[in-house]
Amino acid sequence: TERKHAEDELRSAKDSLEIAHRELKGLLDHAQVLARTDGLTGLFNFRHFYELATHEFGAALRYKRPFSIIIFDTDNLKAVNDTHGHIAGDRMLVTVAQTAALQVRGVDALARYGGDEFVILLPQTNAQQALPVAERIRANVEALRIETEKGALAVTLSIGIAELRLDPTDESLENIVQRADKALYAAKAAGRNRTEIFYAES
């Protein structure tokens, strides 16, 4: 009887340890998700995006493969925040993020860059191949109507695209990101709600 009681206690202790282990693993997994995820949109945060993009940049250089970056932001977040409030502005960002996520491939990485700016990594994709992706995102976002207490919101995006250069070779990922950012500002300057590809100045 004493041996059986001891065996029951051991079994119970083992079960408790297994439950505690599963709970701890669940907490660690959740912490890892939080560490690489943007709290508002659920997309990758920029830190995790940068890790993924740096790895892909190195592979693209090594194997001479195409590689593109898309950067986009909303054309009217400040006006939305001023007119409808920050809750409406946040809802707009979440809706834009969800809409964009539906247009990217599993091998791509979409992240919130910061504020209302988003960035997409497209491995094995040149700028011309990235253009239809950007245009699908832009058109789908333009078609959105986001309901608020003060009426429906319309949203448009300005988008910039840049690709890896092999001649002369890009020294870092930042080179491509900076060119995509320049293309984004060119889209703004050309009237917004459009996509621009960065081309080298002549």
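These legends go with a handful of close-up views of one predicted model. Local features here need pLDDT of at least 70 and side-chain atom pairs count only at pLDDT 80 or more, while totals for chains, interfaces and linings use all residues. Residues are numbered from 1 along each chain as its sequence is written, and side-chain values use heavy atoms, with hydrogens and water left out.

**View 1. The open sheet has five strands, in the order β2-β3-β1-β6-β7.** Strands (E, at least two residues) and helices (H or I, at least four) are DSSP runs, numbered from the N terminus. Two strands pair if DSSP finds at least two bridges between them, and the pairing in this sheet is mixed. Look to the edges for β2 (109-114) and β7 (194-197), each of which pairs on one side only. From one strand to the next, the twist averages 20 degrees.

**View 2. Strand β1 (residues 67-74) runs antiparallel to β6 (residues 157-163).**

**View 3. β3 is largely enclosed by the rest of the structure, as seven of its seven residues are buried.** Buried means under 20% relative accessible area, exposed means over 50%, and partly exposed is in between (1.4 Å probe, protein chains only). In a regular strand the side chains alternate between the two faces of the sheet. In β3, Glu117, Val119, Leu121 and Pro123 point one way, and Phe118, Ile120 and Leu122 point the other way. β3 is joined to β2 by five antiparallel bridges, and Ala109 stands opposite Leu121. The two strands form a hairpin with two residues between them, and Gly115 in the turn has a positive phi of about 60 degrees.

**View 4. Helix α2 (residues 46-63) crosses helix α6 (residues 173-189) at roughly 110 degrees.** Their axes come within 10 Å; axes are lines fitted to C-alpha atoms, for helices over the stretch in contact, and angles run from 0 to 180 degrees between N-to-C directions. That makes α2 roughly perpendicular to α6 (angles of 65 to 115 degrees count as perpendicular, under 35 as roughly parallel, over 145 as roughly antiparallel, and the rest as oblique). Tyr50, Ala53, Thr54 and Phe57 in α2 meet Leu173, Glu174 and Ile176 in α6, where contact means heavy atoms within 4.5 Å. The contact residues split into five nonpolar, one polar and one charged. For that tally, Ala, Val, Leu, Ile, Met, Phe, Trp, Tyr, Cys and Pro count as nonpolar, Asp, Glu, Lys and Arg as charged, and the others, Gly among them, as polar.

**View 5. Helix α6 lies across β1, β2, β3, β6 and β7.** This helix runs at about 145 degrees to β6.

View 6. Lys64 is exposed, with a relative accessible area of 58%. Asn193 is partly exposed, at 22% relative accessible area.
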